[in-house]
Amino acid sequence: FSVLGEIVVNEVNFVRKCIATDTSQYDLWGKLVCTNFKISFITDDPMPLQKFHYKNLLLGEHDVPLTCIEQIVTVNDTKRKQKVLGPNQKLKFNPTELIIYCKDFRIVRFRFDEAGPESAKKVCLAIAHYSQPTDLQLLFAFEYVGEIYHNPAKKVNGIDPGGGSGGSISSASGQQTPLFETYSDWDREIKRTGASEWRVCSVNEGYMISTCLPEYFVVPSSLADQDLKLYSYSFIGRRMPLWSWNHPNGSALVRMANIKDVLQQRRIDQRICNAITRSHPLRSDVYKSDLDKCLPNIQEIQAAHIKLKQLCVNEPFEETEEKWLSSLETTHWLEYIRLFLKHSAELVYMMECKHVSVVLQEEEGRDLSCLVASLIQVMLDPYFRTIVGFQSLIQKEWVMAGYQFLDRCNHLKRSDKESPLFLMFLDCVWQLLEQYPAAFEFSEMYLTILYDSARISLFGTFLFNCPHQRVKESTEFAISKNIQLGDEKGLKFPCVWDWSLQFTSRDRLLFHNPLYIGKKSAPCVQNGAVKTFKRSKKNYSSTLRGVPPALKNGIISEQEFLPRRNSLILKLKPDFLQQTESQSNSMEQYFRDWFAKPVDLHGVILPRISGTQIKLWKLCYFRWVPEAQINHGGFITAFHKVSLLADEVDMLNRNLRQYKSSSSLQGNCLELDQSRMYFRANSLNDTSGAPDFLSSSFPFSPVGNLCRRSILGTPLSKFLSGAKIWLSTETLANED
């Protein structure tokens, strides 16, 4: 096995992996292995019906990480028994079949007809035990880093995981992704956004104030550390207000937990808002958005996700096709995506057009606010639409801000706290990518693989509820294993942004969107000089003409403007309702104007949210469903053609540079071999057709992952060929 610290726990020979439910002719024979990291099926048989497989360096073709397992079902055909296996449970019958339901919507099925019955039972119990650990330190990442510290010369896949020394880590493009673990990362972000009236605060160094905040965060310059310490007692979790981002016009985006001290609530609320107002160059008002009141809660989002999974995975398509679209609607998943995009767009309007600072208020300030704050920044700042920028956004607004990945991803199977907010965020970003493909450096493959990476327990990035938990748990683990930490704050876990741990440089090219139009003057800090993006109002627009539905339905009226200065009495003015109505009309006009003009890909982008403009993210949810696969169809066909065109343009540019250059001939020859595209033109004017392995699930393959009937001849395949509304304008397979 390629991963350090991985040990075989149990295994059984003569196992059959099922490839289709209606026939056993394609089944594979091999060995089923359970390790402390994954379940593996080892076979010498080639995978049937499959011409392409996207290789992960950590996982084999048939492997499933233990943290990706949702449910384990054992079946005995002869006794007609089945049992869902929990940890430390007994199995009173010898299983003839094992079905593994995965969190990424896969279903994997094994048969034990020829295997030893006791061995089959033992491997099933081992998988149930190791995939449902009772303690955080039993997750594989701890075993791995323990081995690394005891054997520093050993590396996974020949690469030192490191954890990102100096507060950043190299990404696929070679640029550094800031991790926001250090003072300097936050300071650079202040300079990048021009937030001159804000400062990095180190009052929480050593997590002395709050265990669910980062050690360093940004606050108004006018707030002294002593005041922050005093105010912190009044906030839930002692989570003081967190600065997220600054608009070039001076408006700030701030996240804030609720104030639990009712007696002090008005006074502290007003002082915080006054400090935010003083940090604005125009001393503008503060606009508060109570996310708990106007957006679905985490339980509703989890319920929608369960219904979506039921629809995409558990229900046979041929039995539900007539009511499929109405069933999709009743899940409420797309409705919730629409609500998050809509609300974020309204807050973009407040910052962009009204020039006011926005405060996102939520009970603990670490769930819905992660999603909304991130979406606002993706819409407003083109830097966050690049790969490195997007990764830094997730570090800043999710990992360091205390999003509870351990509980929400349910790594320890405590389902009462599970909720797929991070997936919903990626889905919302995919909607924007689908609507404005030239505005994003990354592809939908990148978003899907990023979602998958949250289910691999090697990476520390998505493993903990907050940075303090990583330090506390890993320090305890280090002491128990006699690991000397020295000056380090806890163990350094592999970082998910080091994509070389999972993929070759060639495969990482699929992360890049060939439609992306880059801009050399993208906002960044280079050699100490700050470069910011500039926008003018005439540039805020879209290529398609259309107006979203009126943005009201009570959402706007639930917000309130806070009076500035020193007033402690927050009473509504007599003309408040009239102002609210005027505000709504002004907002609708802003959106009408925006959608009526051409898009500025390096300015603001706003979502189109009416009707069928919000779509189901098929690559993510349907990639394991053979019935939904369109051979030689789907978005990948356009992706392939555009990649060839982009590669041709790059080749021409390189040839032109070589022609103009009179020196460094050898270096230029090397440059000719380089390409940023996964699909490459063999020569200029290459007219070769699409590769035979392309399908709508590319780069994934559903073969053997979801055992349903073969697609050929099913009613659904005919339905897919005509479902123009659901499948948009994708290339569709025409069946004979």
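Q: Say a salt bridge is a side-chain nitrogen of Lys or Arg within 4 Å of a carboxyl oxygen of Asp or Glu. Which residue does Arg111 form one with?

A: Glu97 is the partner of Arg111, and their closest N and O atoms are 2.6 Å apart. Arg111 lies in strand 8 (residues 107–111) and Glu97 in strand 7 (residues 97–102), so this pair ties together parts that are 14 residues apart in sequence. Helices (H or I, at least four residues) and strands (E, at least two) are DSSP runs, numbered from the N terminus.

Q: Before we go on, what kind of model is this?

A: It is a predicted model, where local features need pLDDT of at least 70 and side-chain atom pairs count only at pLDDT 80 or more, while totals for chains, interfaces and linings use all residues. Residues are numbered from 1 along each chain as its sequence is written, and side-chain values use heavy atoms, with hydrogens and water left out.

Q: Thanks! Are Arg111 and Glu97 buried or exposed?

A: Both Arg111 and Glu97 are buried. The cut-offs are under 20% relative accessible area for buried, over 50% for exposed and partly exposed in between (1.4 Å probe, protein chains only). The two residues also belong to a network of salt bridges, together with Arg16, Asp27, Asp77, Arg109 and Asp113.

Q: How many salt bridges does the count come to?

A: The count is 29.

Q: What does Arg192 pair with?

A: Arg192 meets Asp381 in a salt bridge, at 2.8 Å from N to O. Arg192 lies in helix 3, while Asp381 is in the loop between helix 11 (368–380) and helix 12 (387–399), so the pair ties together parts that are 189 residues apart in sequence. Arg192 and Asp381 are both buried.

Q: And Glu434, what does it bridge to?

A: Glu434 forms a salt bridge with Lys615, with the closest N and O atoms 3.3 Å apart. This pair links distant parts of the chain, 181 residues apart: Glu434 sits in helix 14 (residues 421–435) and Lys615 in the loop between helix 17 (576–595) and helix 18 (618–622). Glu434 is partly exposed at 29% relative accessible area, whereas Lys615 is buried at 18%.

Q: Back to helix 3. Where in the chain is Thr193, and what does it touch?

A: Thr193 has its place in helix 3 (residues 183–193) and is buried, with a relative accessible area of 8%. Leaving out residues up to four places away in sequence, Thr193 touches Trp243, Trp245 and Asn246. A contact here means heavy atoms within 4.5 Å.

Q: What about Val218, which residues does it touch?

A: With the residues up to four places away again left out, Val218 touches Trp186, Ile190, Trp198, Arg199, Val200, Pro241, Leu242 and Trp243. Val218 is found in strand 12 and counts as buried at 0% relative accessibility. Arg199 is 19 residues from Val218 in sequence, and their C-alpha atoms are 5.5 Å apart in space.

Q: New topic: which residues touch the most other members in the largest nonpolar core?

A: Phe390, Phe425 and Tyr621 do, in a core of 182 residues. Helix 10 (residues 333–352) gives the most to this core, with twelve residues. A nonpolar core is a set of buried Ala, Val, Leu, Ile, Met, Phe, Trp, Tyr and Cys residues joined through side-chain atoms within 4.5 Å.

Q: What does Tyr621 touch?

A: Not counting residues up to four places away in sequence, Tyr621 touches Phe105, Leu308, Cys312, Trp333, Leu423, Asp427 and Leu616. There is also a second, separate core of 31 residues, which includes Leu32, Cys102, Val123 and Ala126.

Q: Last one: how many helices and strands does the protein have?

A: The secondary structure comes to 21 helices and 19 strands. Of the 736 residues, 59% count as buried.
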